[in-house]
Amino acid sequence: MKLYGREREQAELAGRLAGARAGRGSALVLWGEPGIGKSALMERAAAGAEGFTVLGCRGSRMESGLAFAALHGMLWPVAGRIDALPEPQAVALRGVLGQGRAGADHFLVYVAVLTLLSELAAERPLVLLVDDAAQLDDSTAACLAFVARRLSGTPLAVLIASHTDPAAGGRWEGLPGLAVTGLAEAEAARLVRAGLPEADGPTVLRAVREACGNPLALLELPSLLGESAERLAVGPRLRHAFGVRTAELSAPARSLLLVLAAEDRGDRHLVRRAAAALGLGPQAWEEARRSGLLTAREQEVGFRAPLIGSVVYEAAPFAERQAAHRALAAALGDGPVHGGLRAWHLAAAADRPDESVAGLLEDAAHQDRAGGGGASATRALLRAAELSPSPSDAGRRLALGALSAWESGQVERAGELLDRAGQLVPDELVAEASGGLAGLAEFAHGDQESAHRLLLRDSRTVSEPSRALELAALSMRAGWAAGSPERQAAGLARVNELTREGGSTEAVVLAELAPWWGTGGSAGPVLTDEAVARLGAVCWRLVPPGPIAVAWGAERPVAEAFARKLAELRRGDAASALVLTVPQTATLDIVSGRWETAAANAAATLRLAEEIGAGHAASQCRNSLAWLAALRGDDRSVSELTSVTLELSVPRRVRALTAAAYWNQGQAALYAGRAEEALERLVRLAEPGHQAAHPTFALLAAADTVEAAVRAGRPEAGAAAFATLASWARRTGVAWAVAAAHRSAAVLDGRWAQECFERALAVPGAAERPFCHARTHLLYGEWLRRTRRRARARVHLAEAAGVFRELGAAPLLARACGEQDLTAAQGRPAEEEGGLTAQELRVARLAAEGLTNREIAARLLISPRTVGHHLSNVFAKLGIVARTELARIDFANGLRLVA
C-alpha cells in the first residue's frame, strides 16, 4: 500500500514504535474526519512494526451494545495466555470473554488486560491497533482507555483511530492526539492519478478542489464530477459518491449489501445464512464482489471503508432494514450464546412496543451486568424500556438501567434514568428495582441530610432483608456524616427494628455494634475473634467508619476486620466498594503509627476514586493525606488538600469531611507553633451550627484544642473540650481517651502536672498509639525542663524524639530536639552564648524570624510578658534598640551585627 504525503504522521508513528522498542510505552489517538486516512496510517504502522506482536480490534455499530465484544476479538489470538495470569485476573477475564463464569468487577478485567498485554510486551514489543474507535462497545473502550493511560515503562504502543480530538473530552480524554488533516494539493493530485489513470487534467484539478484533501473522496469523486457543480461538505459528498455507486447495482445486490451493513461485524457465515433466507443467491454475491465495495478475508467479509456500510444502511427504507435485521436474528437462532446479539437485531427491527423483545434485551442486560459490562447493560435496558408496552415495566427497566449505570461509574446518567423512572412509576417501585439507588448515590456524592432521608425511606420499601439492613445502616452513617445526632439516632432506631426481625450475620453484626452509634453511657462491644470474623464477612456498608472505631479505641480489631473484607473485595476487585473502604483503613493506620502504609493506600485510592468519580471517597483520601502532611510539617500540602475537600464537602453538608479538614488545619498550625490559628480552627468542631461542627471529630481533637488554648494564653477556651474528653474517658474507659484526659489536665493546671502526666503514661494500651504517647512524653519533658528537673526531662524528651524521628513527625521532632538542647544549655555559663541565656537566645531567634510576642509565648509555653522581659535583656546585651535590628544578627557566628 502506497501512502501519498503523510511524512509528519509516519514519523510520529515510527517514533512511537521506536519508543516502545526502548521500553517507553505510549498511546496516540489519530483523529480526523471519515475517509481522511487514519486506517491507512495504522496499516502502515503495522507493516513497519518489525519484531512486534500486533494485536488489533475495530469498532462495530452492531456490537457496540454488547459488553466487551471488541475486546473478545482483540484477545482471541492470545487467549491461551490468560491461564498464566494471577487467578483472580484470569477468572475475571475468562468470564467476560465467555470462557467461564462471569461476575467480576470490570476494573479487575481492566487490570487483567493490562497485565496480559504487559507480559506479552515483556517477551516481544507489542503494538495494539484500535480502528473505528467511535463504534467500540463502552466496556472495551473503557478497558482500552485504562490500559492506554498506564503504559509508562512498558514496551507497548497503543494506536487509536477516532473521529474526535481527545483534548475535547470523551473516551480518550487525556491521551495525546495527532490530527490527521487533508493532503496537500500535490499529494492529492498524485493520489487521483494513481487511482484513476484515465482522468484528464481538469478532472484531477476539480477533484482536488472538491475533496479538500480527503483521500477517500479523492478516490471516489472523479467519476461523479460532471454531474453537479455544487460544493458540498466532505461528509455529504462522500455519501453522495457511495450512494451513486450502490444505486448502479441490482436490487438483490443492494439487499445483500444492506444485510452486510446491518450485521456490521463481518461474520461471513451469518451474513450468508441471513441472505439465503431473503432469497439472495450467488448472483447477488458476485455482483457485490465486482462492485469493488467489499473486502473478504478468511471468515470475514466487510466494506472497503466503514463509511460505505453507514451510507448503505442509512439510505435503505426502514422496511428493508427491518427485514435484514429479522433475517439476521433468525440466522442467529434461539441459543444462549448469541442471545444478546439476537435481541439487538430484533430491537433494531421493532417499530412499536414489543414485550417479547424488551424481555430479551433485559435478559441480555443481566448477562452483561454479570460480566462487568454495566455500560452495555444500561444501553440494553434503556432500549428495553422504549419497547415496553407497560409504563410500569418501562419504569422498572429504567430503574434497573440506572443501577447498571451507577455501577459502571456513569453517575449523571444514573440520576437521569432514575428521574425518568420516577415519572412512570411510584418512588417505591423505583427503589425496589434499583435497590435504593437514590439514597446510595446521594450518600456517595451528594448532600448527607438528603441521603439520610432517602435511605431511611427506602429501607422500609425494598423487599430484600439484607438490602433493607444495608440501607438502614447507611442512613445511620449519613446522619453521622452530616454531624446530626438526631438523624443518626433515627437510623439506629431503624437498624434496631430490622435486627430484631432476623438472625442473619448482618443482623448479628449490627446488633453487636449498636452501642457504638448510641448516646448512652455504656462501653462499646468487645470484639472477639468471632465478632471480627463476622464483621469482615459482611457488606462493606455495615462496617463502621474509621473515626468511630478510633473513638472507641477499637482500631486493632476493626483493622483486622477490614483486612479480611479487603482481601475478599480484591479477589473480585469490587472497585466501587474498595474506594469507600480503603480510606477507613488509612485512618486506622495513621493512629496506629503505620504512616507509610496509610500514605500509599490513600494516594492510590485517591487516583482510583477520582477516575470513577467517587467524590466523597476522594475527599476522605485527601483528608488522610492532609493529616499525614500536618504531622510531618508540610503546611503547603495541608492547605492544598483541605481546600479541595472543603470546596466539595461544605455545599453538600458532609460535616464529617469538613470537620476532618478543619482538624488537619488546626493540627498543622499547632505543630508549627501558630497556637491562635490552631485554636481558631479547632474550636469550630464543637461550635453549634458551624459547618465543621461534628461530635466525633470534636472528641478526637479535644486534646489538641486544650493544648492550642493553653499555648495561645487562653486556657478557658479549652475548658469545654476538656470536659468532653474527660466525660468520654469516664464513660467508656478507652485507653486513648483516659491518657489524653490526664495529659490535658496536666497542660491546663500545672499544680497537678506531674501526677497527671505520670498517670497518662501509665494507662494500659496508651502506647499503642505511638504519636499520641510520644506527645505526652514531650509535654512532660517540657514541663520538667521548665521546673529545672533537667535530668528527668532529658529522659522523656529522648523518648519523644525517638518516636517522632521514626515516624517522620518533623515539627515535633524539632521541638523535642530544641528542648533537649535547652536542658543541656541551662548548665553552661551565659557567656558561652554571647552573653545571652539559653531562653533569651531562643526568644531572640524567634523574634528575628518575625514572630510576635504572643506567637513566641505560644511556641515556648511562656507568657507574652515574659517574652517582653527577655527581649529587653537581649537588646541591652547586644547593644541594639529596635526589634528590626535582630534580623541583622548573625546567630551562627558569635551573635555579631552584620551589615
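Visitor: Which residue stands opposite Leu 129 in strand 4?
Guide: Leu 159 does. This is a predicted model, and the pair sits where strand 3 (residues 126–131) meets strand 4 (residues 156–162).

Visitor: What makes strand 3 and strand 4 a pair?
Guide: Pairing takes at least two bridges between two strands. Strand 3 and strand 4 have five bridges, in the parallel sense. Five passes the cut-off of at least two, so they count as paired.

Visitor: Why are strand 2 and strand 5 said to stand at the edges?
Guide: The open sheet has five strands in the order 2-3-4-1-5, with parallel pairing. Strand 2 (53–58) and strand 5 (177–179) each have a single partner strand, so one side of each lacks a neighbour in the sheet. Neighbouring strands here are turned by 20° against each other on average, direction ignored.

Visitor: Which helix lies across strand 4, and at what angle?
Guide: Helix 2 (residues 38–47), running at about 160° to strand 4. Helix 2 also lies across strand 1 (26–31), strand 2 and strand 3.

Visitor: Why is Arg 653 called partly exposed?
Guide: The class runs between the buried limit of 20% and the exposed limit of 50%. Arg 653 has a relative accessible area of 33%, so it falls in between. Arg 653 lies in the loop between helix 33 (635–649) and helix 34. Phi of Arg 653 is also positive, near 55°.

Visitor: Which residues of helix 21 are buried, and what do they pack against?
Guide: In helix 21 (residues 427–434), the buried residues are Val 430, Ala 431, Ala 433 and Ser 434. They pack against helix 19 (391–407), helix 20 (411–424), helix 22, helix 23 (448–459) and helix 24. Just after helix 21 comes Gly 435, with a positive phi of about 65°.

Visitor: How do the residues lining the largest cavity divide by class?
Guide: There are 19 nonpolar, eight polar and one charged. Trp, Ala and Leu count as nonpolar.

Visitor: What lines the second largest cavity?
Guide: This cavity holds about 330 Å³ of space. Of its 23 lining residues, Leu 700, Trp 736, Arg 769, Cys 772 and Arg 775 are the closest to its centre. Helix 41 (770–786) is among the contributing elements. Helix 41 gives the largest share, five residues. By class, this lining has 16 nonpolar, three polar and four charged residues.

Visitor: How many of the chain's contacts with a separation of 6 or more join residues 24 or more positions apart?
Guide: Such residues account for 66% of them. The chain has 46 helices and nine strands. Of its 899 residues, 55% count as buried.

Terms used. Residues are numbered from 1 along each chain as its sequence is written. This is a predicted model: local features need pLDDT of at least 70, side-chain atom pairs count only at pLDDT 80 or more; totals for chains, interfaces and linings use all residues. Side-chain values use heavy atoms; hydrogens and water are left out. Helices (H or I, at least four residues) and strands (E, at least two) are DSSP runs, numbered from the N terminus. Axes are lines fitted to C-alpha atoms, for helices over the stretch in contact, and angles run from 0 to 180 degrees between N-to-C directions. Contact means heavy atoms within 4.5 Å. On a 1 Å grid over the protein atoms alone, a cavity is a set of points where a 1.4 Å probe fits but cannot get out, and a pocket is an open set with protein on both sides within 12 Å along at least five of seven lines; lining residues have an atom within 4 Å of a point. Grid points are joined across faces, edges and corners, and a volume is the space filled by probe spheres set on the points. Buried means under 20% relative accessible area, exposed over 50%, partly exposed in between (1.4 Å probe, protein chains only).
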